[in-house]
Amino acid sequence: MSAVHLLIDLLAGRAAAQDVTPDQWPSLFAVAKAEALMGTVAEIAHDGAAHEGARALLTDQRAANVQARRLAMWEADMARRALEPAGVRFVLMKGAAYAAANLAIADGRQIGDLDILVAEADLDRTEAALIAAGWEWVKADAYDDHYYRTWMHELPPLIHKDRDRMIDVHHDILPRTHRARTDAASMLTHAVAAAAGQLMLAPADRLIHCAAHCMADGDMQGGLRNLYDFHGLYRDYLAQDGDARALMVAARQHGLERETARAIRLSARLYTVALPAPRLTIADHLFLRRLTARDDVGRETGKLLGFAFYVRSHLLRMPFWMLVRHLWTKWRR
């Protein structure tokens, strides 16, 4: 069994840590690290790892998980302290939101940048408040700045000058030029409490955003982690009496019905304990090949397929002639 499929089976519960042989651990760790899933593996496998070296590494990773989560929550609170006096209402997204709400998928999940959603009308106030609180621009290039502000779904990224932590301020979940037409205002309106002083997307919107991030906003690099997020969110949604049909109705309102349905099928195929999972389309099989395209030292394989998904991601984000102009400008610069 390849390391990537061993990783998937471990996450799904179809394989147990005690069954991983000493010579499989290095490859498993290499792929897990490449997919930003080392922290999750540590939480799942630490009790069952029979190999002493693997167990020691998993123990160290679990300690790092605790520290990373604490830092992420601190950064979220720093954003609250900066934006609350300015009267900006914001919603936590992705890893910080999962951690703030103590969702099961937050255990060991790598949290990188702090992602927040604000109303588009509040962008100027948000920007001014964050800069006053010590954040500064990462991208000084005039073309990149214009591109973000005119076409993207977020401000250019900001980093705090003292803490070296990034914040991404979103006003939508997909770029303005994307084929899907999402309703970020509705998502903000229906946000729910995640923790004291913090908000997160409602359960259905959380799933739709995750599906968009998985299937409609990138080249699927690191897709195993994103799809594992979706799997955990969907499992919790159904366990809390969430209606699968209502989810699809909501996804249709955001133009993301196809992406959400595909995320359900693929996450079931990869991460449910019992197989076979739902029947897949021909396109689904291409997505699976892209998701599992790693060798046993964590390097990407299937370069041609990866390039095809890279092109696809750009064509989803903007019309063809706009893409040509954008790539030409970037190449010249």
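This is a predicted model: local features need pLDDT of at least 70, side-chain atom pairs count only at pLDDT 80 or more; totals for chains, interfaces and linings use all residues.

1. Charge. In this count Lys and Arg are positive and Asp and Glu are negative, while His and the chain ends are left out. On that basis the protein carries 41 positive and 41 negative side chains. The centres of the two sets lie 4 Å apart.

2. Overall form. The protein contains 15 helices and 7 strands. Along the principal axes, its C-alpha atoms fill a box of roughly 55 × 45 × 40 Å. The radius of gyration is 20 Å, which agrees with the value near 20 Å that a compact globule of 333 residues would have.

3. Interior and surface. How much of the protein is buried? Buried residues account for 53% of the 333. The accessible surface is about 15800 Å², and carbon and sulfur atoms supply 55% of that surface. Of the contacts between residues at least 6 apart in sequence, 63% join residues at least 24 apart.

4. Strand E1. In a regular strand the side chains alternate between the two faces of the sheet. Strand E1 covers residues 90-93. Phe 90 and Leu 92 are on one side, Val 91 and Met 93 on the other, and all of these are buried, so both faces of E1 are covered. The partner of E1 is strand E2, residues 114-118, which runs antiparallel and is joined to E1 by 4 bridges. Within this pair, Leu 92 stands opposite Ile 116 of E2.

5. Lys 94. This residue belongs to helix H5, residues 94-100. Lys 94 has a positive phi of about 55° although it is not a glycine. Is Lys 94 buried or exposed? Buried means under 20% relative accessible area, and Lys 94 counts as buried because its relative accessibility is 18%. Leaving aside residues up to four places away in sequence, Lys 94 touches Arg 109, Asp 115, His 209 and His 213.

6. Ala 36. Here too the residue is not a glycine, yet phi is positive, at about 60°. Ala 36 sits in the loop between helix H2 (25-34) and helix H3 (38-45). Its relative accessible area is 19%, so Ala 36 is buried.

7. Helix H6. This helix spans residues 123-132, and its buried residues are Leu 123, Thr 126, Glu 127, Ala 129 and Leu 130. What do these residues pack against? The helices concerned are H4 (52-83) and H7 (142-151). The strands are E2, E3 (135-137), E4 (158-160) and E5 (166-170). After H6 comes Gly 134, with a positive phi near 115°.

8. Thr 260. The last point concerns a residue of helix H12, which runs over residues 257-271. Thr 260 has 0% relative accessibility and therefore counts as buried. Which residues does Thr 260 touch, not counting those up to four places away in sequence? They are Ile 208, Ala 211, Phe 230, Leu 247, Met 248 and Ala 251. Thr 260 and Leu 207 are 53 residues apart in sequence, and the distance between their C-alpha atoms is 7.8 Å.

Note on methods
Residues are numbered from 1 along each chain as its sequence is written. Side-chain values use heavy atoms; hydrogens and water are left out. Helices (H or I, at least four residues) and strands (E, at least two) are DSSP runs, numbered from the N terminus. The radius of gyration is taken over C-alpha atoms; the globule rule is 2.2 Å times the number of residues to the power 0.38. Buried means under 20% relative accessible area, exposed over 50%, partly exposed in between (1.4 Å probe, protein chains only). Contact means heavy atoms within 4.5 Å. Accessible areas come from the Shrake-Rupley method with a 1.4 Å probe; for residues, only the protein chains shown count as cover. The place of a charge is taken as NZ of Lys, CZ of Arg, CG of Asp or CD of Glu. Two strands pair if DSSP finds at least two bridges between them.
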